[in-house]
Amino acid sequence: MKIAVIIPAAGKSTRYGKKDKLAEDLGGRPLLMRTVEFFTKREEITQIIVVGPPHDFDAFKERFGGALSFHGVIIVEGGKERWESVRNALEVVQDDIDRIAVHDAARPALSNDLFDQLDRKSTRLNSSHVVISYAVFCLIKKKTKRSEEHRAELQLYFLSLSLLHTPPH
């Protein structure tokens, strides 16, 4: 089985602030490289495509191009929206690829077990649309203001929710 991985890295990271989230140091290397490096160690991954931001594509290539090309990564320019970025990457996927995985650049916390689980489910279901989720077992407290003098806490128990590791858009 041959898998191509598309890593959208074209967002503006506005919620993160003025810093470049993908360039943040994570154990001596930029966060983006930590994400990419996971996939370079997988035998079935035969193509990695990183999609850079259209608003700053030249600077992105200057900042990450050397390290990405060292790993054989193809860099393509992203679109205005995430779906356009993925579409741009799909245009350069090799013809002999069996499956395509799309993984967000700012999510370096992958494990072989998680990826194997995704691969098994994709194969078992013979589906190109598989998402890994986790059951949520937590207590969420929301502070509410009932009056000027009195605050109450509303405790919400969510035992039937799932957590998806995906960007909100």
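These legends describe close-up views of one predicted model.

Residues are numbered from 1 along each chain as its sequence is written, and side-chain values use heavy atoms, with hydrogens and water left out. In this predicted model, local features need pLDDT of at least 70 and side-chain atom pairs count only at pLDDT 80 or more, while totals for chains, interfaces and linings use all residues.

**View 1. The whole chain.**
The chain holds 4 helices and 10 strands. Helices (H or I, at least four residues) and strands (E, at least two) are DSSP runs, numbered from the N terminus. Along the sequence the order is β-β-β-α-β-α-β-α-β-α-β-β-β-β. Of the 169 residues, 36% count as buried. Buried means under 20% relative accessible area, exposed over 50%, partly exposed in between (1.4 Å probe, protein chains only). Among contacts between residues at least 6 apart in sequence, 67% join residues at least 24 apart. Contact means heavy atoms within 4.5 Å.

**View 2. Helix H1 against helix H2.**
The axes of H1 (residues 31-40) and H2 (residues 57-70) come within 11 Å and cross at roughly 35 degrees. Axes are lines fitted to C-alpha atoms, for helices over the stretch in contact; angles run from 0 to 180 degrees between N-to-C directions. The crossing of H1 past H2 is right-handed, meaning that the near helix is turned clockwise from the far one by less than a right angle. From H1, Leu-32, Met-33 and Val-36 meet Phe-60, Phe-64, Ala-67 and Leu-68 of H2. The contact residues comprise 7 nonpolar, no polar and no charged. Ala, Val, Leu, Ile, Met, Phe, Trp, Tyr, Cys and Pro count as nonpolar, Asp, Glu, Lys and Arg as charged, and the others, Gly among them, as polar.

**View 3. The buried side of helix H3.**
Glu-84, Ser-85, Val-86, Asn-88 and Ala-89 are buried in H3. Their cover includes strands E1 (3-8), E4 (45-52), E5 (74-77) and E6 (99-102).

**View 4. Asn-88 and its surroundings.**
Asn-88 lies in H3 (residues 82-90). Its relative accessible area is 17%, so Asn-88 is buried. Leaving aside neighbours within four places in sequence, Asn-88 contacts Val-76, Glu-77, Gly-78 and Gly-79. A polar atom of the Asn-88 side chain lies 2.9 Å from the backbone oxygen of Glu-77. Val-51 is 37 residues from Asn-88 along the chain, yet their C-alpha atoms are separated by 8.0 Å.

Note on methods. Polar contact = N/O pair within 3.5 Å; in protein donor to acceptor, adjacent residues only side chain to side chain.
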